[in-house]
Amino acid sequence: MSQFETVIIGGGPAGLGLAYPLQAAGQKVAVVEENKWGGTCPNRGCDPKKVLLGPVEILRRNQDLLGKGIVNQVQINWADLMAFKNTFTDPVSTNSRAGLVAAGITVFDGHASFKDNHTLDIDGETITADRFVIATGQRPRQLAITGGELLGTSTTFMQLPQLPAEIAFLGAGFEAFEFAAIASAAGAKVHIIQHNDRPLKQFPQAGVAELMHQLIAQGVEFHLNFETQTIQPTETGIMISGSDAGKLQQLTVNAGFATSGRIPNCDTLNLTAIGVATDSHGIKVNDHLQTNTANIYAMGDVVSRRQPKLTPVASFEAQYLSRELLHSGAAIAYPMIPSVIYGMPRLAQVGVSLTEAKANDAYVVKPLDMTQWFTYRHLNEAVAKATTIVDKTTDRIMGAFVISNEADELINYLTQIIDQQLTMKQVQQEILLYPTVASDLGYLG
Ligand SMILES: Cc1cc2nc3c(=O)[nH]c(=O)nc-3n(C[C@H](O)[C@H](O)[C@H](O)COP(=O)(O)OP(=O)(O)OC[C@H]3O[C@@H](n4cnc5c(N)ncnc54)[C@H](O)[C@@H]3O)c2cc1C
């Protein structure tokens, strides 16, 4: 007989989100974690990043209103900001582990890998279970080039005791854009290097171009079509050499960070021994989050799927799996999933994409420049633009992307409107507090 009914590998948002309901339902549950309990989001992802962004928001708002009632420009003290951030991150692992223990869930500290599909090795200790759920997330991708080891990662960026004077981010994904917004507001000269001319490829190009324009105005320098070849140490940092349209280019900075994506943590679990199928995006699952080995499930960032790899998605899957494992039911059905690039401004999107809309006669695309709308002008924001995609027949908003300092809020409202299938007429009938981002909703369709 197995020691446990369910063993969850990975103590992040997905793993913890599943452990508690299974335990509450009377199952004998264990969780294995090899690093910090709580996982990526609260230790080295969303939460510390949002703490670092707090003063950035104030600094940019202050800058927008200089000479319009504000006299002095505020400055960010990096060491103080780091100390404040640490008050959030320092207790996470201990508290997350203690919470599990208090609930009666067995915890194991160590690296898990499979011996067979009912047996797990945890740093030499063997445990058995009827069923395993893999929730091991992703880790930063290191650049496989000469000197790649001289680069930091998203984790080390958010732990920098001092802010280097000049920084390069290699790879123009969400991490590079968000960290550039933070570092440049805190006083660093920032470079973003990208091997092609298509940063943030999951977002509409028009929105990305606008975001880049705003970051350039904040002093960020983009190096597109720059193929990095080597990184060498210098007395003050590193020299990045690469080719730009065939010409050798060199960039000397005090620190560089690999921001070229994340790789799923499935390569060290010995999955081949138990026949679990994977691809370069992670573990393959069916629409019940079950792998091709019947008693092994996977959820969260480690899963190969088209949905964005975000904390609310990991939590949604944990909730789904808790119902599925206890009662066995319908296939997972994801609601609308919005996504955002944080910064000042932010770029956010949800629903039907611009590309899909342009290829389909059923939709009308409505670009709106909101910069002069009261909501944005009273704060003298540099840019506020929205593009909505409306179904011609039903008069329902089906998708949108927004760039403004409040884009995340507006996209959250639009996500609910799309999910609840409200028509523009129904939205216009709501009485909402004025003047707010929400009170503009009726003008967006
Ligand atoms: C810089 C950054 C910023 C982000 N910002 C946002 C944001 O603003 N909003 C948002 O929604 N999402 C954000 N994310 C993504 C979010 O952090 C993840 O979607 C979320 O943490 C996924 O949860 P998870 O439980 O699937 O994986 P994780 O949180 O990664 O947890 C997996 C856990 O498994 C452990 N593990 C791995 N392998 C093993 C093993 N073999 N044995 C034992 N333990 C193992 C790991 O140590 C880890 O603790 C960000 C991520 C990063 C890196």
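Predicted model: local features only at pLDDT ≥ 70, side-chain atom pairs only at ≥ 80, totals over all residues.
Asn270 is partly exposed, with a relative accessible area of 36%.

**Positive phi values**

- Asn270 sits in the loop that runs between β15 (262–264) and β16 (278–279).
- The phi angle of Asn270 is near 60°, which is positive although the residue is not glycine.
- Leu289 also has phi near 60°, again a positive value in a residue other than glycine.
- The loop between β17 (282–283) and β18 (296–298) holds Leu289.
- Leu289 is buried, because its relative accessible area of 2% is under 20%.
- Asn270, at 36%, counts as partly exposed, whereas Leu289, at 2%, counts as buried.

**Cis peptide bonds**

- Met344 and Pro345 are joined by a cis peptide bond with omega of about 5°.
- Pro345 belongs to the loop between β19 (339–341) and β20 (346–351).
- A cis peptide bond also leads from Tyr434 to Pro435, where omega is near -10°.
- Pro435 lies in the segment that follows α13 (424–428).

**Aromatic pairs**

- Across the whole structure, a search finds 12 aromatic pairs.
- One of them is formed by Phe4 and Phe108, with ring centres 5.9 Å apart and 90° between the planes. The pair counts as edge-to-face because an angle of 90° is over 60 degrees.
- Phe4 is in strand β1 (residues 4–9) and Phe108 is in strand β3 (residues 106–109), so defined as DSSP runs. The two residues are 104 apart, and their pair links distant parts of the chain.
- Phe4 has a relative accessible area of 5% and is buried. Phe108 is likewise counted as buried, at 11% relative accessibility.
- Phe157 and Phe169 make another edge-to-face pair, with 5.5 Å from centre to centre and 75° between the planes.
- Because Phe157 lies in helix α6 (residues 154–157) and Phe169 in strand β8 (residues 166–170), the pair ties together parts that are 12 residues apart in sequence.
- The relative accessible area of Phe157 is 0%, and the residue is buried. Phe169 counts as buried too, at 0% relative accessibility.
- Phe157 and Phe169 belong to one aromatic cluster, whose members also include Trp78, Phe179 and Phe257.
- Phe4 has a charged neighbour: Lys28 lies over the face of the ring, at 5.2 Å from the ring centre.

**Helix α3 against helix α7**

- Helix α3 (residues 46–64) packs with helix α7 (residues 174–185) at an angle of about 55°, and their axes are 9 Å apart.
- The two helices are therefore oblique to each other.
- The crossing of α3 and α7 is left-handed.
- On the α3 side, the residues in contact are Lys49, Leu52, Leu53, Val56, Leu59 and Arg60. On the α7 side, they are Glu178, Phe179, Ala181, Ile182, Ser184 and Ala185.
- Phe179 takes part in this contact and is also a member of the aromatic cluster.

**Helix α1 against helix α9**

- Helix α1 (residues 13–24) and helix α9 (residues 311–327) have axes that come within 8 Å and cross at roughly 30°. That angle makes α1 roughly parallel to α9.
- The crossing of α1 and α9 is right-handed.
- Helix α1 contributes Pro13, Ala14, Gly17, Leu18, Pro21 and Leu22 to the contact. Helix α9 contributes Thr311, Ala314, Ser315, Ala318, Leu321, Ser322, Leu325 and Leu326.

**Ser154**

- Ser154 lies in helix α6, which also holds Phe157.
- With a relative accessible area of 3%, Ser154 is buried.
- Leaving aside residues up to four places away in sequence, Ser154 touches Pro140, Glu175, Phe179 and Arg262.

**Cys46**

- Cys46 lies in helix α3.
- At 30% relative accessibility, Cys46 counts as partly exposed.
- Cys46 touches Cys41 and Thr311, when residues up to four places away in sequence are not counted.
- Thr311 is also one of the α9 residues that meet α1.
- Cys46 and Leu310 are 264 residues apart along the chain, while their C-alpha atoms are separated by 9.0 Å.

Key:
Residues numbered from 1 in each chain as written. Heavy atoms only, no water. Phe/Tyr/Trp six-rings, centres within 6.5 Å; stacked < 30°, edge-to-face > 60°. Helix = DSSP H or I, 4+ residues; strand = E, 2+ residues; numbered from the N terminus. Buried < 20%, exposed > 50% of the residue type's maximum accessible area, 1.4 Å probe, protein only. Lys NZ or Arg CZ within 6 Å of the ring centre and 35° of its normal. Axes fitted to C-alpha atoms, helices over the stretch in contact; angles between N-to-C directions. Parallel < 35°, antiparallel > 145°, perpendicular 65-115°, else oblique. Left-handed = near helix turned anticlockwise from the far one by under 90°. Contact = heavy atoms within 4.5 Å.
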